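Here is my note on the model, point by point. Please keep the structure open while you read.

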Amino acid sequence: MKTTVPVIHSDPDILGGTPVFVGTRVPMKTLLDYLEAGKPLDEFLDHFPSVSREQAVATLEVAKEILTAYYANPA
């Protein structure tokens, strides 16, 4: 599932440029922190209702694509 709609935004006027989910002030890193701690996606979504499931999943898919491309083509 590739998305053409941006799901992450960075603006120096929003949390000092920290990448956030579009339309929110929720840092994208917060999702990764939840998952790293072993918490389910649904718990993250319950705690941050301004982030849609589609945004969260699309962000994880982008991360997967970047990591796959990085390790497939090591420098």
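1. Contact here means heavy atoms within 4.5 Å. With that cut-off, take the contacts in the protein chain between residues at least 6 apart in sequence: 29% of them join residues at least 24 apart. Keep in mind that this is a predicted model.

2. Overall layout. The protein chain has three helices and two strands. Read from the N terminus, the order is β-β-α-α-α. Along the principal axes, the C-alpha atoms fill a box of roughly 35 × 30 × 25 Å.

3. Surface and burial. The protein chain has 75 residues, and 24% of them are buried. Its accessible surface is about 5200 Å². Carbon and sulfur atoms account for 60% of that surface.

4. Charges. The protein chain carries 6 positive and 10 negative charges.

5. The core. Nine residues form the largest nonpolar core: F21, V26, L31, Y34, L41, F44, L45, V51 and A56. Two elements, α1 (28–36) and α2 (41–47), each give two or more residues to this core. The largest share is that of α2, with three residues.

6. L45, a core residue. Leave out residues up to four places away in sequence, and L45 touches V51, S52, R53 and A56. Of these, V51 and A56 are also listed in the core.

7. V51, another core residue. Where does V51 lie? V51 sits in the loop between α2 and α3. V51 counts as buried because its relative accessibility is 4%, and the limit for buried is under 20%. Beyond its neighbours within four places in sequence, V51 contacts F21, T24, V26, F44, L45 and A56. V51 and V7 are 44 residues apart in sequence, yet their C-alpha atoms are 9.6 Å apart in space.

8. Length of helix α3. This helix covers residues 53–72, which is 20 residues. At 1.5 Å a residue, the span should be 28 Å. The expected value uses one less than the number of residues.

9. Packing of helix α3. Which residues of α3 are buried? They are Q55, A56, A58, T59 and E61. These buried residues pack against β1 (8–9), β2 (20–21), α1 and α2. A56 also belongs to the largest nonpolar core.

10. Q55. This residue is in helix α3. Its relative accessibility is 13%, so Q55 counts as buried. Not counting residues up to four places away in sequence, Q55 touches V7, F21, V22 and S50. F21 is on the contact list of V51 as well. Q55 and D33 are 22 residues apart in sequence. Their C-alpha atoms are 16 Å apart in space.

11. K64. Helix α3 also holds K64. Is K64 buried or exposed? K64 is exposed, because its relative accessible area is 53% and the limit for exposed is over 50%. K64 and D13 are 51 residues apart along the chain. Their C-alpha atoms are separated by 28 Å.

12. L15, a backbone point to check by eye. L15 is in the loop between β1 and β2. Its phi is positive, about 50 degrees, although L15 is not a glycine. Most residues other than glycine have a negative phi. L15 is partly exposed, because its relative accessible area is 36%, which falls between the 20% and 50% limits.

Conventions. Residues numbered from 1 in each chain as written. Predicted model: local features only at pLDDT ≥ 70, side-chain atom pairs only at ≥ 80, totals over all residues. Heavy atoms only, no water. Helix = DSSP H or I, 4+ residues; strand = E, 2+ residues; numbered from the N terminus. Buried < 20%, exposed > 50% of the residue type's maximum accessible area, 1.4 Å probe, protein only. Areas by Shrake-Rupley, 256 points an atom, 1.4 Å probe, with all protein chains shown as cover. Lys, Arg positive; Asp, Glu negative; His and termini not counted. Charge placed at Lys NZ, Arg CZ, Asp CG, Glu CD. Core = buried A, V, L, I, M, F, W, Y, C linked by side-chain atoms within 4.5 Å.
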